[in-house]
Amino acid sequence: METGVKTAIETGTGNGANDPRGAGRGSGRRRARLVTGVLLGLLVACVGAGGLLWLTRPQPLPAPPPEPGPAQLATAAVTSGVPAALPHLAALIAERERHLRTRPEDARAWALLGLAYVEQGRRTADAAHYPTAERALRTSMRLLPHGNAGALEGMAALANARRDFRAARTWGEAALKVDRKRWTTHSLLIEAYTGLNDYKAAQSTLERLQKLHSGTAVMARSAAVYWDRGWREDAAATLSDAAASAGAPAERAAWLERAGQLAWERGDREVALQHLEEAVRLDPDLRAAQAGQARALAALGRTTEALNAYRVALAEQPSPGYALELGELYESLGLDQAAQVQYDMLRAQVRNAAAGGVDEELVLGRLEADHGDPDEAVLRLRAEWRKQPGIAVADALGWALHRAQEHEEALRFAERATDKEHGGGVRSALYAYHRGMIEKTLGLHGPARRHLREALLINPYFSPLWAPSAREALDELGEPPQVEPPAA
């Protein structure tokens with residue numbers, strides 16, 4: 001049997017091996033299987049090679065995200081407490097207004113619109129923007145009456161812009177009850193506390209702010225607090241860091257303008273001018289920098305350029321403070337009629353500001369004390385002191401009382417503005433000058449010499465009108481009398 005099976009296998013018998021048709025079918029199937037295997041192998045090889053080529057070929061880089069538009073840039077700025085460029089603000093306002101025409105129930109869009117109008121009013125000194133801002137913010141609060149920290153913060157920013165520091169404190173503290181970690185609200189509260197002469201609250205709020213955030217807006221706010229405490233080098237270094245770290249040109253320009261102002265307060269005319277010129281180059285709409293240029297140019301004796309810089313700043317930003325400075329520059333040059341034009345313009349600007357809810361009583365009181373009716377200045381500044389007893393108001397009220405011949409009371413307010421125990425840590429040449437002149441009138445010649453010298457040491461060019469007056473007063477006082485040593 002085994003031989004038969006073997007023979008059948010060897011000879012091809014059995015299973016149709018001797019049948020020609022069976023043999024053809026078997027070899028055909030084998031050839032088909034062989035061809036199929038070869039083709040499959042080739043296909044796999046081709047696919048593998050193609051996949052390898054696809055994996056190894058350079059892949060196209062993903063398209064970069066689109067650059068943020070003007071409205072997006074302004075949104076990022078105003079919601080993070082940094083200055084925004086005026087054209088970007090205009091784009092943001094237009095974009096939000098278009099959005100709200102189709103989505104009038106969007107409370108957060110109303111809050112952002114209100115904040116943008118606040119910033120626009122601050123940048124242009126046009127108080128007409130503030131009622132519009134308030135309507136937008138109140139609409140937001142009506143639509144979202146609970147948990148609306150954005151609108152509450154916007155109201156705090158609006159109150160600060162209007163110099164209503166009590167209201168700013170109320171709104172800011174309400175916003176913090178909604179969101180204790182909202183760092184931008186802390187910054188607004190520091191400004192309000194400073195305006196109310198609550199320096200302890202300002203310092204503690206700054207410490208909390210610095211724990212919550214560390215950006216350039218925090219650096220700039222820290223520098224302002226340091227300056228108020230008399231830490232001039234710390235303030236200047238912090239602002240320098242803020243300017244170096246700034247992103248957008250408008251932001252960097254704003255910090256450079258503040259650095260220029262601090263340099264000016266120290267009497268560094270050239271450094272101030274350098275900072276301010278760079279600020280104007282970065283943001284030609286920054287009128288505060290142009291007015292700062294005018295101060296530095298006047299101190300450098302470049303009077304024609306100073307006058308032109310003031311005019312440009314006032315043409316685009318009708319600030320009462322700039323009008324007072326320009327008027328006093330004209331007066332120092334003997335151009336009394338031109339000075340009076342500026343003083344009249346200042347009064348008109350104050351009326352326009354009041355129509356928008358802005359309190360400009362401080363600058364109007366200073367004008368009346370020196371160039372108008374001192375008794376009216378006292379009335380206005382007493383009311384201002386009751387409302388918001390800040391250091392600047394204490395200085396202005398003391399000076400107005402002096403000009404109104406109330407010298408004893410004047411000295412008490414001058415001391416508040418210059419003594420650290422009263423919160424007056426800021427080193428201001430103008431404040432020291434005012435105190436020295438009051439002391440001279442009262443016959444306190446030793447303290448008068450000290451404070452008049454301090455004024456000229458802080459900034460020998462603090463005013464084209466009053467710095468020469470300080471020098472004349474010192475000359476009149478002469479040197480202190482020599483004390484003879486006791487006889488042996």
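This is a predicted model: local features need pLDDT of at least 70, side-chain atom pairs count only at pLDDT 80 or more; totals for chains, interfaces and linings use all residues.
Two helix pairs were examined. Helix α9 spans residues 183–195, and helix α10 spans residues 199–212. Their axes come within 9 Å and cross at roughly 165°. Angles over 145 degrees count as roughly antiparallel. The two helices, α9 and α10, are therefore roughly antiparallel to each other. The crossing of α9 past α10 is left-handed. On the α9 side, the contact is formed by W183, H186, S187, L189, I190, Y193 and T194. On the α10 side, Y199, A201, A202, T205, L206, R208, L209 and L212 take part. By residue class, this contact of α9 with α10 comprises 10 nonpolar, 4 polar and 1 charged.

The second pair is helix α12 (residues 232–245) and helix α13 (residues 249–265). Their axes lie 8 Å apart, and the packing angle is about 160°. That angle makes α12 roughly antiparallel to α13. Here, too, α12 and α13 form a left-handed crossing. Helix α12 contributes R232, A235, A236, L239, A242 and A243 to the contact. Helix α13 contributes R252, W255, L256, R258, A259, L262 and E265. The contact of α12 with α13 holds 9 nonpolar and 4 charged residues, but no polar ones.

The surroundings of L452 can be listed in detail. Leaving aside neighbours within four places in sequence, L452 is in contact with Y433, G436, M437, A470, A473, L474 and L477.

Most residues other than glycine have a negative phi. A125, however, has a positive phi near 60°. A125 sits in the loop between α5 and α6 (129–143). The relative accessible area of A125 is 29%, and A125 is partly exposed. R163 is not a glycine either, yet its phi is positive, at about 60°. The loop between α7 (149–161) and α8 (165–178) contains R163.

How values were computed: Residues are numbered from 1 along each chain as its sequence is written. Side-chain values use heavy atoms; hydrogens and water are left out. Axes are lines fitted to C-alpha atoms, for helices over the stretch in contact, and angles run from 0 to 180 degrees between N-to-C directions. Helices (H or I, at least four residues) and strands (E, at least two) are DSSP runs, numbered from the N terminus. Angles under 35 degrees count as roughly parallel, over 145 as roughly antiparallel, 65 to 115 as roughly perpendicular and the rest as oblique. A crossing is left-handed if the near helix is turned anticlockwise from the far one by less than a right angle, and right-handed if clockwise. Contact means heavy atoms within 4.5 Å. Ala, Val, Leu, Ile, Met, Phe, Trp, Tyr, Cys and Pro count as nonpolar, Asp, Glu, Lys and Arg as charged, and the others, Gly among them, as polar. Buried means under 20% relative accessible area, exposed over 50%, partly exposed in between (1.4 Å probe, protein chains only).
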